[in-house]
Amino acid sequence: MSDLTSNDRKIYRNIGIADLGHYRLPLAGIVSILHRISGLGMFLFLPFLLYLFKKSLTSEVSFKVFQSFTSHWYVKVILLGLIWAFLHHLFAGVRHLFMDAHHLLEKESGRHSAAAALCLPIVIALIAGAKLFGAF
Amino acid sequence: MSTSSNIGAKRLVVGAHYGLADWLAQRFTAVVMACYSVVLLGVFFWMHDFTYDGWAGLFAMQWLKVSTFVVLLSLFYHVWVGMRDIWMDYVKPASLRMVFQSVTIVWLLGCAGYALQILWSV
């Protein structure tokens, strides 16, 4: 009878920190780890976003505070990062849902959808960034 | 040795809801948030009033206020499942993991209270 805690089972470790430098991740792997990183980032900045949301809503005066606060370049950089994080998380998430429904599972289609989930958010974020920094 | 063959190390880890409910809830809340994002962007650009009055006017509408709150609750649940996954994958000592998970819960409950206060002050 198989025992869940028997000691003679071979242990397969995940890659460690030291392997990260020379471990070549496939495109889908990059999308996957960025999905995690973007999620973690948005989690950490949640109170910051709620604070901005509060300032933008509470009153005419706080709206002015919101506007002057978000006009600093470093706040814009943070916001642009969060815009990218949201877009990447959204696109990678939609790709996930398709795969849950057994689409895009072949090597080629998986690679193409990974490329799309990686590139489209960057392109849209660049356009949003151009708007944010007043290019148009 | 216990008389039962289904407890402790001998437990059969099959057939029950081992993470299925959370997995499904994570997907469901994701769809809710994605739909809301599209609707909010649509309403925002359709109203075409990018002043304070236009912005606050949006969230003064009861339906948007309530749906925003529902979406935020979905967000917090979604974040809980995701963050718990991250802690389970990368934080191996059980005691440290419990600290991270506890802080995550407190953090999210705090955010939920803050969101409630913000939405109903408009």
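Visitor: Which helices do the buried residues of helix 2 of chain B pack against?
Guide: Helices are DSSP runs of H or I, at least four residues long, and strands are E runs of at least two, numbered from the N terminus. In helix 2 of chain B the buried residues (under 20% relative accessible area; exposed is over 50%, partly exposed in between; 1.4 Å probe, protein chains only) are Tyr52(B), Gly54(B), Trp55(B), Ala56(B), Leu58(B) and Phe59(B). Contact means heavy atoms within 4.5 Å. The packing partners are helix 1, helix 3 and helix 4 of chain B, together with helix 2 and helix 3 (60-69) of chain A.

Visitor: What kind of model is this?
Guide: Residues are numbered from 1 along each chain as its sequence is written, chains are lettered from A and ligands numbered from 1 in the order written, and side-chain values use heavy atoms, with hydrogens and water left out. Local features need pLDDT of at least 70, side-chain atom pairs count only at pLDDT 80 or more, and totals for chains, interfaces and linings use all residues, since the model is predicted.

Visitor: How many helices and strands does chain B have?
Guide: From the N terminus on, its elements run α-α-α-α. The total for chain B is 4 helices and 0 strands.

Visitor: What share of the residues in chain B is buried?
Guide: Chain B exposes about 7,600 Å² (Shrake-Rupley, 1.4 Å probe; for residues, only the protein chains shown count as cover). Carbon and sulfur atoms supply 74% of that area. Of the 122 residues in chain B, the buried share is 33%.

Visitor: What distance separates the end C-alpha atoms of helix 4 of chain B?
Guide: This helix covers residues 94-119, 26 residues in total. The expected span is 1.5 Å times one less than the number of residues, so it should reach 38 Å. The model agrees, with end C-alpha atoms separated by 37 Å.

Visitor: Which elements do the buried residues of helix 4 of chain B pack against?
Guide: The buried set includes Gln101(B), Thr104(B), Leu108(B) and Cys111(B). Ala112(B), Ala115(B), Ile118(B) and Leu119(B) are also buried. They pack against helix 2 (52-60) and helix 3 (62-90) of chain B, along with helix 1 and helix 2 (46-58) of chain A.

Visitor: Which residues does Thr68(B) touch, not counting residues up to four places away in sequence?
Guide: Thr68(B) lies in helix 3 of chain B. It counts as buried, at 4% relative accessibility. Beyond those sequence neighbours, it touches Tyr36(B), Phe59(B) and Leu119(B).

Visitor: How many salt bridges are there over all chains?
Guide: A salt bridge is a side-chain nitrogen of Lys or Arg within 4 Å of a carboxyl oxygen of Asp or Glu. By this rule the count is 3.

Visitor: Which residue of chain B does Arg36(A) meet in a salt bridge?
Guide: The N to O distance is 2.8 Å. The pair crosses between chains, from helix 1 of chain A to helix 3 of chain B. Arg36(A) is partly exposed, at 25% relative accessible area. Its partner, partly exposed at 35%, is Asp89(B).

Visitor: Which residue forms a salt bridge with Asp100(A)?
Guide: The closest N and O atoms are 2.7 Å apart. Asp100(A) lies in helix 4 of chain A and its partner in helix 1 (residues 20-47) of chain B, so the pair joins two chains. Asp100(A) is partly exposed at 28% relative accessibility. The partner, buried at 16%, is Arg27(B).

Visitor: How many residues apart in sequence are the parts tied together by Arg84(B) and Asp22(B)?
Guide: Their side chains meet in a salt bridge, 3.2 Å from N to O. Arg84(B) lies in helix 3 of chain B and Asp22(B) in helix 1, so the parts tied together are apart in sequence by 62 residues.

Visitor: What is the nearest side chain of opposite charge to Arg95(A)?
Guide: Arg95(A) sits in helix 4 (residues 73-100) of chain A. It is buried yet has no salt bridge. Lys and Arg count as positive, Asp and Glu as negative; His and the chain ends are not counted. At 10 Å, the nearest opposite charge is Asp100(A).
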